[in-house]
Amino acid sequence: MARANSRQRLGPLILGRATARPRGRLQWYAYLSILPALCFVALFAVYPVAFSVRLATHRYVLTDPHNHPFEGLRNVAEVLGSYYFRRAGLTTLTFTASVVASVLAFGVTVSHYLNRPGRLAGFLRVAILLPWAIPVVMAGIIWKWIFNGNYGVLNALLVSLGLIPSYVSWFGNPILAPLTLVIAHVWKWGPLAAIMCLATLQAVPRDLYESAHIDGGSGWAAFRYITLPFLRPTLLILLILETVGGFVTFDLVYVMTGGGPGDATSLLSWFAYAEIFRFLDLGKGAALAFIIAAVTLGLSLVYVRLLRLEALYS
Amino acid sequence: MIRQRLIDAGMTAVGLVLALFILGPILWMLDSSVQLDRDLFTVPPRVIPQQPTLDNYRYVITRTPPKSYERVTMGGRVSGEALSILPALRNSFIVASSVTAVVLAVGAVAAYTYARLQFAGRDLTYAFILTSRLIPAISVAIPVFVIIDRLGLLDSHLALIVVYVAFILPFTIWFLTQYFGYLPRDIEEAALLDGCTRFGTLRRVVVPIVAPGLAAAAAFAFMGAYSEFLYALFLTRTIAAKTAPVVLVATAINFDVSFALASAALILTIVPPIIFALVFRKFITRGMLVGFGR
């Protein structure tokens, strides 16, 4: 029973057992059928990674195109030791922690609202798909326009409600600028989290709540002991998606803040982009890209392990 | 009784705030797109348009300035770029639908094998395909640029199609493998006994049953390709291949942009995926249920 349950919970992450064990022609069919997919993926995974290793371990500055001495880990060391890396790393950690917490909180609370009966909730169940459908750079443009310091509709709204005395320069303030990114990110990705949580909530058998109610359990107890265990696998998957997603956020920064003011919103992937495309230092850019990839891969592996433990012990 | 009423009213208020947060930004863009800059660049901006006009759309679509624009100062060349939104949308459509078609064909065949057949190297290749997706896009930007450059594909639709297929395929395979895994096997076995080949079984028996899953996978693939920005930004140079996100961002991030014009272009760009999402709503949510809900 426990085994079956764990397999079921791990469903999204591992491959179930296939029944058929083909021989001869079928065996060939199996390889043939995955060949095109493998080729595509290999061309854009194996070669680029190998190429990046070469770039990262050599000197590749486009302003000095014919000089590529081997430098070992010097690029990596220089990037790791630089002030900007530490700044960008810290900014990225803060940003990622904020979006993970906000998106998960949004997903859990909003999905509960969507799960209610009534017309408003029904309307919102449809409406919530819209931010998900809108490309992330478009979301960035929309929010940039809303947060506009001089003509933005948010400033006008807040002033007319008496919440702020005068117009605020959202993008000119090193504390508010990251906040605008978090809000835009939650607007864009929170709905997906809510839809996923809602899908899970709808799978919880109704009678569990009814018996909890009859037994005199509080709403909180029902949430803690019935809802949360059901939501847990979904929340863990969201945790992975959001951590990795937050860590490699680029589009919103490019559109909304350009890393500024100063370097207040200069996240790691923006820093890598600037290193490559502005300073034309491919070696350092590749080294930085490796560091980002290592961190996201490491995080994903930790989480997948957590998921497995979770599946084994629940 | 009164307490219940208060709770209901409070819940309605919460719902309205939520609706405002979700829909407000989109409605404000819609609102901006039917006004002119001279009304938008005021303090406070006009929320209720005084003279709603379709001139922004007219300008973006026909590329000839309507009369109302004569006395409006335009943001110069940068706003002018909003005028190439139609060709950019065409590029976006060509790229996104080609990617969807390729990813579905290649992905469904591979996923069916992973879900049903046992062969040496099965787990290894599956893990390889999935982990490839964990490499952040920015990390392989330079090598991908070099590959595309060597293939002579820079600034073409094909460049974006190939790259997006490689990036989206792992998700499609994972998703469809999940989906196929939930299908009852009896029908297939009957088809196999009746002398259908594996591929024939896939085509005649499985595909009709899994159409909802395929639709969801198609929706995810289309959205992914339609939204992509980073690679579109540096693999394209001219309007021959530039996609809608690239053109719009180039327009909108400038300080002296015509916001009325940019909003009109933006609305034109987000309408197709929104319609898409609403039409495929059932499949998308059901697809998520299969992917994440169980």
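What follows is a reply on one helix and its partner, with a second pair set beside them.

Reply: This is a predicted model, in which local features need pLDDT of at least 70 and side-chain atom pairs count only at pLDDT 80 or more, while totals for chains, interfaces and linings use all residues. Residues are numbered from 1 along each chain as its sequence is written, chains are lettered from A and ligands numbered from 1 in the order in which they are written, and side-chain values use heavy atoms, with hydrogens and water left out.

The setting is chain A. Of the 314 residues in chain A, 52% are buried, where buried means under 20% relative accessible area, exposed means over 50%, and partly exposed lies in between (1.4 Å probe, protein chains only). Contact means heavy atoms within 4.5 Å. Among the contacts in chain A with a separation of 6 or more, 69% join residues 24 or more positions apart.

The UniProt record, an unreviewed entry, lists residues 89-303 of chain A as "domain: ABC transmembrane type-1". UniProt positions are in the numbering used here, feature names are shortened, and annotations may be inferred rather than shown by experiment. In the model, residues 89-303 of chain A are 76% helix and 0% strand, with the end C-alpha atoms 20 Å apart. The record also lists "transmembrane region" stretches in chain A, including 126-146 and 285-304. Residues 126-146 of chain A are 86% helix, and their end C-alpha atoms are 23 Å apart. Residues 285-304 of chain A are 100% helix, with end C-alpha atoms 28 Å apart.

Now the helix itself. A:Leu198 has its place in helix 10 (residues 176-201) of chain A. With 9% relative accessibility, A:Leu198 counts as buried. Beyond its neighbours within four places in sequence, A:Leu198 touches A:Ser111, A:Leu114, A:Asn115 and A:Arg125. A:Tyr113 is 85 residues from A:Leu198 in sequence, but the two C-alpha atoms are 9.2 Å apart in space.

Next comes the partner. Two packed helices are described by the angle between their axes and the distance between the axes. Axes here are lines fitted to C-alpha atoms, for helices over the stretch in contact, and angles run from 0 to 180 degrees between N-to-C directions. The axis of helix 10 of chain A comes within 10 Å of that of helix 12 (residues 219-247) of chain A, and they cross at roughly 145°. The crossing of these two helices is right-handed; a crossing is left-handed if the near helix is turned anticlockwise from the far one by less than a right angle, and right-handed if clockwise. Among the residues that meet are A:Trp189 and A:Met196 from helix 10 of chain A, and A:Phe230 and A:Leu238 from helix 12 of chain A. By class, this contact has 10 nonpolar, four polar and one charged residues. Ala, Val, Leu, Ile, Met, Phe, Trp, Tyr, Cys and Pro count as nonpolar, Asp, Glu, Lys and Arg as charged, and the others, Gly among them, as polar.

Helix 12 of chain A also holds A:Thr243. A:Thr243 is buried, at 6% relative accessibility. Its contacts, apart from neighbours within four places in sequence, are A:Thr96, A:Val100, A:Leu299 and A:Tyr303.

A pair in chain B can be read in the same way. Helix 8 (residues 157-181) and helix 10 (residues 198-227) of chain B have axes that come within 10 Å and cross at roughly 150°. These two helices are therefore roughly antiparallel: angles over 145 degrees count as roughly antiparallel, under 35 as roughly parallel, 65 to 115 as roughly perpendicular and the rest as oblique. Helix 8 of chain B passes helix 10 of chain B in a right-handed crossing. The residues of that contact divide into 16 nonpolar, three polar and no charged. B:Leu160 sits in helix 8 of chain B and is buried, at 0% relative accessibility.

Key: Helix = DSSP H or I, 4+ residues; strand = E, 2+ residues; numbered from the N terminus.
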